[in-house]
Amino acid sequence: MEVRYTPIGHVHSPHDTPEDVAHDEVADTTGEIVLEDEYERGLEGLEEFSHAVVLAHLDEVDESRLTARPPHVDDVEVGVFATRSPFRPTPIAQTVVEVLEIDGPRVRVRGLDLVDGTPVLDLKPHVRTVEGDLDVGWLEE
């Protein structure tokens, strides 16, 4: 089965390459999600949410791996599906950003870990879907 998507926009980011994304600085990184003009109306109401989920296609990733070593943890190797590694069988990224401002088809955000020009597949409001305590696996170590 083949699945195809047409991007609805792109990322405007200070990160030029995946190596430029400093994980320790992502929380303060600002940029924009720039939608195609035809999707601007779809942003109505998003300004009422503090955060949004960005789904993007990692178009600069040209390899996949089934295991990953998280960059901020020593001596841990886990399956790629237990990480946020970009080297996935299907290079789709999910990232949560703080919505700072919406101006036309441009959404200014903070917390951006995507490379400049990355195609955006979807944008959704971030909502709590699971109540109670969450287990966070190897991240607790």
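A nonpolar core is a set of buried Ala, Val, Leu, Ile, Met, Phe, Trp, Tyr and Cys residues joined through side-chain atoms within 4.5 Å. Here, buried means under 20% relative accessible area, exposed means over 50%, and partly exposed lies in between (1.4 Å probe, protein chains only). With that in hand, let's look at this protein.

This is a predicted model, in which local features need pLDDT of at least 70 and side-chain atom pairs count only at pLDDT 80 or more, while totals for chains, interfaces and linings use all residues. Residues are numbered from 1 along each chain as its sequence is written, and side-chain values use heavy atoms, with hydrogens and water left out.

**Overall fold**

- The protein has zero helices and eight strands, where helices (H or I, at least four residues) and strands (E, at least two) are DSSP runs numbered from the N terminus.
- Read from the N terminus, the order of elements is β-β-β-β-β-β-β-β.
- The C-alpha trace spans about 45 × 35 × 35 Å along its principal axes.
- Of the 141 residues, 34% count as buried.
- Contact means heavy atoms within 4.5 Å. Among contacts between residues at least 6 apart in sequence, 74% join residues at least 24 apart.

**The nonpolar core**

- In soluble globular proteins, nonpolar side chains tend to be buried together.
- In this model the largest nonpolar core has 20 residues, and I33, V54, V107, L112, L114 and L123 are those with the most contacts inside it.
- Two or more residues of this core come from each of strand 2 (30-35), strand 3 (51-57), strand 6 (92-103), strand 7 (106-110) and strand 8 (119-125).

**Salt bridges**

- The structure holds eight salt bridges, each being a side-chain nitrogen of Lys or Arg within 4 Å of a carboxyl oxygen of Asp or Glu.
- One of them joins the side chains of E98 and R110, at 3.0 Å from N to O. This pair links distant parts of the chain, with E98 in strand 6 and R110 in strand 7, twelve residues apart.
- E98 counts as partly exposed because its relative accessibility is 28%, and R110 is partly exposed too, at 30%.
- E101 forms a salt bridge with R108, and their closest N and O atoms are 3.5 Å apart. E101 has 41% relative accessibility, so it counts as partly exposed; R108, at 35%, is also partly exposed.
- K124 and D122 meet through their side chains in a salt bridge of 3.2 Å, N to O. Both ends are partly exposed, K124 at 38% and D122 at 26% relative accessibility.

**A charge over a ring**

- R65 lies over the face of F87, at 4.0 Å from the ring centre. A charge sits over a ring if NZ of Lys or CZ of Arg is within 6 Å of the ring centre and within 35 degrees of the ring normal.
- You can find R65 in the loop between strand 3 and strand 4 (67-68), where R65 is partly exposed, with a relative accessible area of 38%.
- Apart from neighbours within four places in sequence, R65 is in contact with V80 and F87.
- R65 and P86 are 21 residues apart along the chain, and their C-alpha atoms are separated by 9.2 Å.
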